[in-house]
Amino acid sequence: MVEEWFFTEEQTMFRESLREYLAKLITQDVIEYMEEKREIPREVIKAMAEFELFCPTVSEEYGGPGFDMVTAGIVGEELARVDPTGSTCVYYLVPASWSRSIFFYGTEEAKQELLPKMTKGELFCGIATTESDTGSDLGNMVTTIKPDGDGYIVNGHKNYISGIREASTYGGGHVTLARQDLDKGVRGCTLFYLPLKDSDGIEVSLDREMGREGMSTGGFTIDNVTIPKHYLIGEENKGFYIVHEGYEAARGIIACVCVGAGLKSLENAMAYIKQRKVFGTSLAKYEGIQFPLAEHYTKLMMCRDWAYKALRVMDQEKEGKATRFEVSKHIAMAKLMAPIWSFEAINWAMQAQGAFGYSQECNDQKGLRAIRSFGWAEGTSEIMKLIIGRELLGKEFIAYK
Ligand SMILES: Cc1cc2nc3c(=O)[nH]c(=O)nc-3n(C[C@H](O)[C@H](O)[C@H](O)COP(=O)(O)OP(=O)(O)OC[C@H]3O[C@@H](n4cnc5c(N)ncnc54)[C@H](O)[C@@H]3O)c2cc1C
């Protein structure tokens, strides 16, 4: 086998043992359970925690394995190979990215209190920036945070947020962005941790999405909720910058998830076309089938290389070898193309499997519904293009300040 230059021996060994572990853990019964019951079995979450899959970049001191971002991406890719619903992928990648913000920018008190529980899968850690009237343009946010005595008072609402049921039922909360200096738009936003379970003044609601059935999405209203000072993440009015870094971690892992899901679908299609006989021979012998397969595979493998390169650049930033801007550009390129190429590959894989491709039984249609979410979640495709454009042309060509 060709050596994959961007993985260390340790990372390759980790992937192999993880693949074996997940194949036994996330069976077809678990997949059907998630689709029907619309939740991830708690024993699956427990088993994921036992393999140290939660909060991968948090150091051992706070209960994490202290992995690099490349290894965090490997987990995303491997989960996507076994879970076409994408539910466990989201349950993994959201806390992986946002526990990282707490780890790097949270107070020592918050780190000691929250991270050991997040790494055990006992507390969910989400992100809440989107509101009913704003998602891409966070400067329009209405949620506010005001200093009050020893802490802060928060008012507002958030919508289209992943992990609402998980955090409000089982425990956990969301890294939340709110406006503090109202004259400064996104540059006056503050970031903090907002617990959802048993919090006075928080009312949650749930949405019904197109896919990722085992994972909830919803919103919450925030009515005069008091936040202790130690839940502040970074400095007041500097939250937007930290949020960007969290989004970049999530986007990089999402790219790996998309690649894993796409490649798995191509494998499913290959198994089908090899055994299917049409017009007297195997379907796999026709060029009309081989050519699109070759194109989808090539695109996904190019994306895979790029996604891991982007995650490596993220690691290099922490080593002082790459700049913030280099990270943004590399990650945005991976997050731009991975959901699109993965969706196209899965769509083709369904087509190649005939009517079975459209049946509930077919895992690929579950994958199609899950992967589509990544055209919006953690930053839309259009926003990725704006980031790449900004890096190519220079800040003076940003249309919106
Ligand atoms: C399944 C799912 C899960 C999500 N989970 C979370 C979560 O956990 N936390 C959270 O905070 N948010 C979450 N979101 C919300 C997501 O971050 C937003 O949908 C996204 O940021 C876009 O915001 P919007 O939906 O308000 O679209 P808008 O900002 O209103 O944009 C509408 C469309 O216009 C495009 N657009 C915007 N500006 C421009 C421009 N200048 N040029 C060209 N096109 C532009 C956008 O790309 C988009 O296609 C989730 C979304 C989905 C679908």
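A residue is termed buried under 20% relative accessible area, exposed over 50% and partly exposed in between, with a 1.4 Å probe and protein chains only. By that scale, arginine 38 counts as partly exposed because its relative accessibility is 25%. This is a predicted model, in which local features need pLDDT of at least 70, side-chain atom pairs count only at pLDDT 80 or more, and totals for chains, interfaces and linings use all residues. Residues are numbered from 1 along each chain as its sequence is written, and side-chain values use heavy atoms, leaving out hydrogens and water.

**Backbone at two loop residues**

- Arginine 38, not a glycine, has a positive phi of about 60°, and lies in the loop between helix 2 and helix 3 (42-50).
- Asparagine 237 likewise has a positive phi, near 65°; its place is in the loop between strand 8 (232-233) and helix 8.
- Helices (H or I, at least four residues) and strands (E, at least two) are DSSP runs, numbered from the N terminus.

**Packing of helix 5 on helix 8**

- Helix 5 (residues 87-105) and helix 8 (residues 239-275) pack at about 150°, with axes 9 Å apart.
- The two helices are therefore roughly antiparallel, a term for angles over 145 degrees.
- Contact (heavy atoms within 4.5 Å) involves, among others, Tyr92, Trp98 and Arg100 of helix 5 and Glu245, Tyr247 and Ile253 of helix 8.

**Burial of helix 11**

- Nine of the ten residues of helix 11 (residues 363-372) are buried, including Asp364, Lys366 and Arg369.
- The cover over these buried residues includes helix 2 (28-37), helix 8 and helix 10 (324-352).

Key: Axes fitted to C-alpha atoms, helices over the stretch in contact; angles between N-to-C directions. Parallel < 35°, antiparallel > 145°, perpendicular 65-115°, else oblique.
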